[in-house]
Amino acid sequence: MEYNLADLFESVVDVVPDREALVYVDHPGTGAERRLTYAELDTAANRVAHHLLDSGLKPGEHVGLHLYNGIEYLQTVLACLKARLVPVNVNYRYVEEELVYLYNDAGLATLVFEGEFTERVAAALPQTTKLRHLIRVGAAPEGAPEPSIAPVAYPDAEAAGSPERGFAPRSPDDLFIIYTGGTTGMPKGVMWRAEDLFFAGLFGGEPSGEPVKRPEELAERVASKGAGLTFFPAPPLMHGTSTLTSFIAFNYGQRVVIHRKYAPEEVLRTIEKEKVSSVSLVGDAMLRPLIDALNGPLKGTDLSSLFSVSSSGAIMSETVRAEFQRLAPNVLLLNNFGSSESGSNGRAASDSSPEKGFRLEVNDRTQVVDPVTHEPVPVGVPGRLAQRGHVPLGYYNDPAKTAETFFQKGTERWVLLGDMATVDEAGIVTVLGRGSQCINTGGEKVYPEEVEQALKSHPDVYDALVAGVPDPKWGSHVAAVVQLRAGAPEPTLDEIQNHCRTRLAGYKIPRQLVITPTIQRSPSGKADYRWAKTVATEANA
């Protein structure tokens, strides 16, 4: 046995076959739910894996998952891993042109898609080069044009495949591709070896302790401890965070609960009903609505089972954390830090704040380096975050970007991340923000995340994004795009500036304020900076 994700999952199944593994809840209280034990999930994945192989797919070919959350999503990921096929996440918000790009860039041979997206798939399919097999989950909308390749209904694909394992030997080199969100540029496919992803993204089977030292140890640990933990990845599974959270739970032999879409009130009802232990989400955009529900229609929800709420991909601001902590004082709030290219880098230090910045206790594989020499930077000097050891092979179908981002140093492979940061004498890293979003105003550098934290601490601000707008005097100026709390009076630019001056240096203060009904983010809550820049630039014109 080796560090292969399918082998590891099957080893867990063999020691706890009758434990509940996966619960899908559509709308709690309606009866629209499905529950699978580890043995049932294993068998269901076997069936789809055999169907994929029987349809003519060869190991190493790519399978796209163009789906909402559901049993079928994780079942298909497991099926791909079992059959040595490569699962590829597809953003379900993409329209025809974006889908054509991703289907072709990822070299998809098969697509598993939601019936709701039939029209988009039908439009994109003739413009693809390798796609030859379709599997549809659910029915197509009435009147939607059918794709030129007839889709197989998911239940039929499942029924046609053998329930047994019987697969060829697997390898720790088997690939898992995670496409980035594409909120700052075209999405890129990050190629992970199974073994590297297990240690960098899944904590080597032990998020809170020592990673396993041999593959067989994972199942031995699961067999030695009971059930009782329930993990609830709230963001879409199409983003790496939620899929990896699910696999962390499977490696623990514990239970995963998923919803089709994020609905704050339903999330709280499920936490209470299913006795959820840990919720993962993405920043204020997902935590604030939970707070609103707890202050309103879901006031008094029993959260006694809940141990932690963690965020990856965007930070929970100090103000919002304090609001939630008042409502749920016994819940641990964790700002985790990582990326599609690095897995986990570390966790926010306890003294992170708008004034001190997002301070990070990094793992021993993470450093702040000079982006040119790749040498560690001196204390206080800005550099780029980098990670060594278990890192991806590169970007699929993009050798130029791979050469720019990944490098060899001594005997180790490194990845140069997009985040600018400094390090202090104690080794605590302060993350300044993504270099691609840095605003150069009058020769000074401003990182949007720092200004956003200050804006969100204003009592009338519900959400905010910050972008640089061309300026004849300063080169660029800092623009704040703000969504107000319901019923809040509209603040003036002077009021916002005065509030920010208590937390930020003068050159970081927004010089433009745009009030918008809603802030546009990805379905997982990640910032859409291209949208914010467009809105602010148009308002300035």
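A salt bridge here is a side-chain nitrogen of Lys or Arg within 4 Å of a carboxyl oxygen of Asp or Glu. The views below all come from a predicted model.

**Figure 1. Glutamate 114 and arginine 260 meet in a salt bridge.** The N to O distance between these side chains is 3.0 Å. Glutamate 114 counts as buried because its relative accessible area is 8%, which is under the 20% limit. Arginine 260, at 25%, is partly exposed. For context, a search of the whole structure turns up 39 salt bridges.

**Figure 2. Arginine 260 also pairs with glutamate 116.** This time the closest N and O atoms are 3.7 Å apart. Glutamate 116 is in the loop between strand 5 and helix 5 (118-124), and arginine 260 in the loop between strand 11 and helix 10, so here too the link joins distant parts of the chain, 144 residues apart. Glutamate 116 is partly exposed, with a relative accessible area of 40%.

**Figure 3. Glutamate 206 and arginine 221 form a salt bridge.** Their closest N and O atoms are 3.5 Å apart. Glutamate 206 lies in the loop between helix 7 (194-200) and helix 8 (216-224), and arginine 221 in helix 8, so the pair ties together parts that are 15 residues apart in sequence. Both glutamate 206 and arginine 221 are buried. Elsewhere, salt bridges with shared partners join Asp7, Glu10, Asp14, Asp42, Lys82, Arg165 and Arg170 into one network.

**Figure 4. Tyrosine 3 stacks with phenylalanine 198, one of the 13 aromatic pairs in the structure.** The ring centres are 5.5 Å apart, and with the planes at 25° the pair is stacked; the cut-off for that label is under 30 degrees. Tyrosine 3 comes from the segment before helix 1 (5-15) and phenylalanine 198 from helix 7, so this contact ties together parts that are 195 residues apart in sequence. Tyrosine 3 and phenylalanine 198 are both buried.

**Figure 5. Phenylalanine 9 and tyrosine 38 make a tilted ring pair.** Here the centres are 6.1 Å apart and the planes sit at 35°. Phenylalanine 9 is in helix 1 and tyrosine 38 in helix 2 (residues 38-54), 29 residues apart. Both phenylalanine 9 and tyrosine 38 are buried. Ring pairs also bring in Phe247 and Phe250, giving a cluster with Phe9 and Tyr38.

**Figure 6. Two charged side chains sit over aromatic rings: lysine 225 and arginine 511.** Lysine 225 lies over the face of tyrosine 252, at 4.1 Å from the ring centre. In the case of arginine 511, the charged end is over the ring of tryptophan 474, 4.5 Å from its centre.

**Figure 7. The largest nonpolar core has 102 residues.** Tyr103, Phe198 and Phe250 touch the most other members, and helix 3 (residues 71-82) gives the most to this core, with 8 residues. Setting aside neighbours within four places in sequence, tyrosine 103 is in contact with His66, Val90, Leu108, Leu111, Val121, Ala124, Thr128 and Leu131. Apart from this core lies another, of 25 residues, among them Ala234, Ile271, Met316 and Ala328.

Definitions and conventions. Residues numbered from 1 in each chain as written. Predicted model: local features only at pLDDT ≥ 70, side-chain atom pairs only at ≥ 80, totals over all residues. Heavy atoms only, no water. Buried < 20%, exposed > 50% of the residue type's maximum accessible area, 1.4 Å probe, protein only. Helix = DSSP H or I, 4+ residues; strand = E, 2+ residues; numbered from the N terminus. Phe/Tyr/Trp six-rings, centres within 6.5 Å; stacked < 30°, edge-to-face > 60°. Lys NZ or Arg CZ within 6 Å of the ring centre and 35° of its normal. Core = buried A, V, L, I, M, F, W, Y, C linked by side-chain atoms within 4.5 Å. Contact = heavy atoms within 4.5 Å.
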